[in-house]
Amino acid sequence: MVTDEREHVKVQIEARHQERPAPRIGEPVFRLESVTVAYDEQEAIRDITLDVPANQITAIIGPSGSGKSTMIRVLNRMNDLIPSARVSGKVLYNGQDLYEPAVDPVEVRRRIGMVFQKPNPFPKSIYENVAFGLRVNGMTERLDDRVEQALRAAALWDEVKSDLRKNAYDLSGGQQQRLCIARAIAVEPDTILMDEPASALDPIATQRIEDLMFELKDQYSIVIVTHNMQQAARVSDMTAFLTVEVSQEGKQRTGVLAEYDRTEVVFTNPSDPRTEAYITGRFG
Amino acid sequence: MADPRPQQEARRRFHEELATLEDDIHRCGELAERALTRAMEALMERDPAKADEVIAGDDELDELYISVERRWLEVMALQTPVATDLRLMSVILHVNFHLERIGDMAVNIAKMSQLTRHLPTNPTILSHLQEMADVVRPMIRAAMEAFARRDLQLALRLPDMDEPVDRLNRGMYREVAACGLEHDLIEWAAAMMVVSRQLERVGDHAVDVAEQVAFLLTGEFREFTDASHPGAEDDE
């Protein structure tokens, strides 16, 4: 029964995808309603409510321990992989509750791709890194074209087209990260989640990733976690600031959403004094 | 986890530099107001020594203006300020410019006093100029106090303070025309129209400083008075 339901929801998500345009630019692709994530008894984030707009770049900033990575992992059910994690509240993706029992998390992760802090290519050729996800998802028709298209979209094609059989580990860190982006977009997701995608890169490679984000947002909604506030200011349309609330006994530290607004507002005239204190360095 | 202390030390230095820049802006405000006071004394008392003092004293204001500009650029390049810090940086740049211009206007008045000190005068015109000066000097002080105290209500009072200055400046044409056809008096009166215009501009700069203060405090920039739509709010 559950399998049938999963199949049904998978088809629904598939249908929504094929029926694009949905949603329009600026309309919410994600809607978080009172989302709380706890690991065992420890709440990592509490009562987060916000809309993530389609085809825009949304940055999540905040100090260490404020739950930024937990929040982004909620968006494609990556927390499912942690046995102690419990998610409450609603995470709506194009109107579909991602945490309904019938929803297939594998399908969710295909629609909502993720790029991590450290480039993590497979120990295979450049070509195979991109083709792998396509094969797993049965997208083998015109495989070479799809691989090329993904590498072009990730602004890597011109640098690797002459030697697609080269091992991905032989690429530079910046190239490896763009390969991971190519791998993520090859399976045609709607949304790309990026968890500190440039923190391990030099300024030139960082700039290429940021340029790439601007190019990709025409086709994808992007959510990025970054410690680099200037990066958030440079690339994002919306910024969410998470801060840490410490329990009275001082034992529990929980991330809460202090402010969520257009990036230019957050960085010129923030409404919450905690945001002001954090971004101007008047803390501690 | 990285040691947060070096970053906090860098931020502490940044905020100290920001405070120093603001202190220097207030010093500019004092110099500009003093220059205007001395320039009007030179004009009214026909005192060439005071006029020379104003002209020579402008170098101090100019040096401070350039120093603030140079350090402002360094802070922007090195510290990338945001939020209130960013607005304060913007305000410092603008107010620095307005105060330097007020200093230049005081120099213009001092030069006019030198050029006209052998010419006949008209007591009505002198009285109107003194009246204008007696308003614009407190305007500079009020705008700078509003800045120092972060006082929005005081900043919002500047347009009302400016109103008699504008009115007296507009009336100056009639006073000059009433001087008749005597050549030396006409020459003096024409120079006093320039002085009147300088005082009127000082009032405008003081209002501009107050607009900057309002921006600093509210995050929204708006002109208190709209030169392209004068009296628009009163047309109802």
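A residue counts as buried here if 20 or more other C-beta atoms lie within 10 Å of its own, as exposed if 12 or fewer do, and as partly exposed in between; C-beta atoms are placed from the backbone. By that rule, 36% of the 236 residues of chain B are buried.

This is a predicted model: local features need pLDDT of at least 70, side-chain atom pairs count only at pLDDT 80 or more, and totals for chains, interfaces and linings use all residues. Residues are numbered from 1 along each chain as its sequence is written, while chains are lettered from A and ligands numbered from 1 in the order in which they are written.

**Chain B overall**

Chain B has seven helices and zero strands. Helices (H or I, at least four residues) and strands (E, at least two) are DSSP runs, numbered from the N terminus. The C-alpha trace of chain B spans about 85 × 50 × 25 Å along its principal axes. Two residues are in contact if their C-beta atoms, placed from the backbone, lie within 7 Å. Take the contacts in chain B between residues at least 6 apart in sequence: 80% of them join residues at least 24 apart.

**Helix pairs**

Axes are lines fitted to C-alpha atoms, for helices over the stretch in contact, and angles run from 0 to 180 degrees between N-to-C directions.

| Helix pair | Angle | Axis separation |
|---|---|---|
| α4(B) (123-149) and α6(B) (158-177) | about 160° | 10 Å |
| α2(B) (48-79) and α3(B) | about 165° | 9 Å |
| α7(A) (173-186) and α8(A) (203-216) | about 20° | 9 Å |

Angles under 35 degrees count as roughly parallel, over 145 as roughly antiparallel, 65 to 115 as roughly perpendicular and the rest as oblique. A crossing is left-handed if the near helix is turned anticlockwise from the far one by less than a right angle, and right-handed if clockwise. Ala, Val, Leu, Ile, Met, Phe, Trp, Tyr, Cys and Pro count as nonpolar, Asp, Glu, Lys and Arg as charged, and the others, Gly among them, as polar.

At about 160° between α4(B) and α6(B), α4(B) is roughly antiparallel to α6(B). Their crossing is left-handed. The residues in contact include B:Ile125, B:Met132 and B:Val136 of α4(B), and B:Leu158, B:Val165 and B:Leu168 of α6(B). By class, this contact has 13 nonpolar, three polar and three charged residues.

α2(B) and α3(B) are also roughly antiparallel to each other. Their crossing is left-handed. The contact has 16 nonpolar, four polar and five charged residues.

In chain A, α7(A) and α8(A) are roughly parallel to each other, and their crossing is right-handed. A:Gly173, A:Gly174, A:Gln177, A:Arg178 and A:Ile181 of α7(A) meet A:Ala205, A:Arg208, A:Ile209 and A:Leu212 of α8(A). That contact has four nonpolar, three polar and two charged residues.

**Helix α5 of chain A**

In α5(A) (residues 143-153), A:Val147, A:Ala150 and A:Leu151 are buried. Seen down the axis, the buried residues fall within an arc of 95°, so they line one face of the helix. The arc is that of the directions from the helix axis to the C-beta atoms. The buried residues of α5(A) pack against α4 (126-136), α6 (157-160) and α7 of chain A. Just after α5(A), A:Ala155 takes a positive phi of about 55°.

**Where the chains meet**

The contact takes 12 residues from chain B and 11 residues from chain A. On the chain B side, α1 (5-45) and α3 (83-116) give two or more residues. The largest share, five residues, comes from α3(B). By class, the chain B side has five nonpolar, four polar and three charged residues.
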